[in-house]
Amino acid sequence: MEVTFRIRRQSDRAAPPYCQTYQVDLDPRLTVLDGLHYLQWYVDGTLAFRRNCRNVICGSCGMRINHKAGLACQVSLEKVARQGVVEIAPLGNFPVIKDLIVDLTPFWQDLRRVDPCLAPLAQPSLQTPAQRAQVATAANCILCGACYSACNVKEVNSHFVGPHALARAQRVLQDNRDSKTTARLQQYHHQDFVWGCTRCWQCNEVCPVGVQPLDRITEIKQTLLQDRNTKVTTAVRHRRLLLALVKRSGWLDEARFALALVNWWSVLPLGLRLLAVGKFPFPWHFQPSRGRTQVEELVELLSRRQQTP
Ligand code: SF4
Ligand code: SF4
Ligand code: FES
């Protein structure tokens, strides 16, 4: 199979990036990583990339393949070569050191911010299979950086701790052998931690080993919302109000939602602009959904399920 690699390269940290194209004849069953090795060994020894295990274990070969973050050793050329072309770029949201090698320092720094190691209890505690199952998915993380690369919030807010760190946060928070649960809950209850996530789903989309960081973030949020000691912040009021309004009307009454959540003066400019273009959501225009009763039953059913241990 004739494959064209279009690779975004950069000779050092300060140099401008450029695109280099290579055309080679390769077995389509090879992985993208095999293809890069072929290029490095037989075509251009200056091409730089990272890898170690070649088997979806170490997380070293993270890069963007056709604009989507993933592992080069996981995908075959026949799956990703569109009309024979594969586009490769370094992971996003990281400074580039050279070609496809990125500087992982901010990634590790963010991971440390969630205090990622278990703090053992004074008395060693056993773990049942059910308790283990609660943390098993997050424990599969291989710290490859794909979710960090894809995270839209990380791109615009360097204070946000990132999906990899929050997946680890769920893993230590919900582990029955950890002694810092209360302190962790307080720490993660913050805009730079769980409440900074905009639920864009990109981290779930790219994670190569099914950690599904967004689902782990949601589990932390649910723990916070069910904890009576959780400080009531705007984020907490937002979730509770949203649920109450949807339960009552079957869908969201946006005007009531905005007015109940923020102070009237802060939404006045927006209200005036909506009025000027005839889009102001007057409360008397709002119609409950025809499926209102079913939605109410569904919300109650789910609430009962969450309360059942
Ligand atoms: S959560 Fe998934 S994508 Fe993110 S670092 Fe861990 S393994 Fe990689
Ligand atoms: S769902 Fe949240 S953590 Fe995941 S990529 Fe989107 S904003 Fe980032
Ligand atoms: S080389 Fe280890 S995960 Fe790809």
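Helices, of type H or I with at least four residues, and strands, of type E with at least two, are DSSP runs numbered from the N terminus. The structure described here is a predicted model.

**Surroundings of ligand 2**

The shell around ligand 2 draws at least two residues from each of three helices, namely α6 (152-156), α9 (202-206) and α10 (213-226). In total, 14 residues surround ligand 2, and the closest are C151, P163, C197, C200 and C203.

**Domains**

The domain assignment divides the protein chain into domain 1 (2-102), domain 2 (105-226) and domain 3 (234-307). Between the C-alpha centres of domain 1 and domain 2 the distance is 29 Å. Contacts between these two domains involve 15 residues of domain 1 and 15 residues of domain 2. On the side of domain 1 that touches domain 2, β3 (62-65) and β4 (68-71) each contribute at least two residues. The largest share of that side, 4 residues, belongs to β4. That side of domain 1 is made up of 7 nonpolar, 6 polar and 2 charged residues.

An open sheet is formed by 5 strands in the order β2-β1-β5-β3-β4, with mixed pairing. Because β2 (18-25) and β4 stand at the edges and have a single partner strand each, one side of each is left without a neighbour in the sheet. On average, neighbouring strands of the sheet are turned by 30° against each other, direction ignored. The pairing of β3 with β5 (residues 85-89) is antiparallel and extends over 2 bridges. Within β5, I88 is the bridge partner of I65. Helix α1 (residues 32-43) packs on the sheet and touches β1 (2-9), β2, β3 and β5. The direction of α1 makes about 95° with that of β2.

**Residue K247**

K247 is located in helix α11 (residues 234-249). This residue counts as partly exposed because K247 has 16 C-beta neighbours inside 10 Å, a count between the limits of 12 or fewer for exposed and 20 or more for buried. Leaving aside residues up to four places away in sequence, K247 touches V295, E296 and V299. K247 and R292, although 45 residues apart in sequence, are separated by 7.4 Å in space, C-alpha to C-alpha.

Conventions
Residues numbered from 1 in each chain as written. Chains lettered and ligands numbered in written order. Predicted model: local features only at pLDDT ≥ 70, side-chain atom pairs only at ≥ 80, totals over all residues. Near = placed C-beta within 6 Å. Domains from an automatic or database assignment. Contact = placed C-beta atoms within 7 Å. Nonpolar A, V, L, I, M, F, W, Y, C, P; charged D, E, K, R; others polar. Pairing = 2+ DSSP bridges. Axes fitted to C-alpha atoms, helices over the stretch in contact; angles between N-to-C directions.
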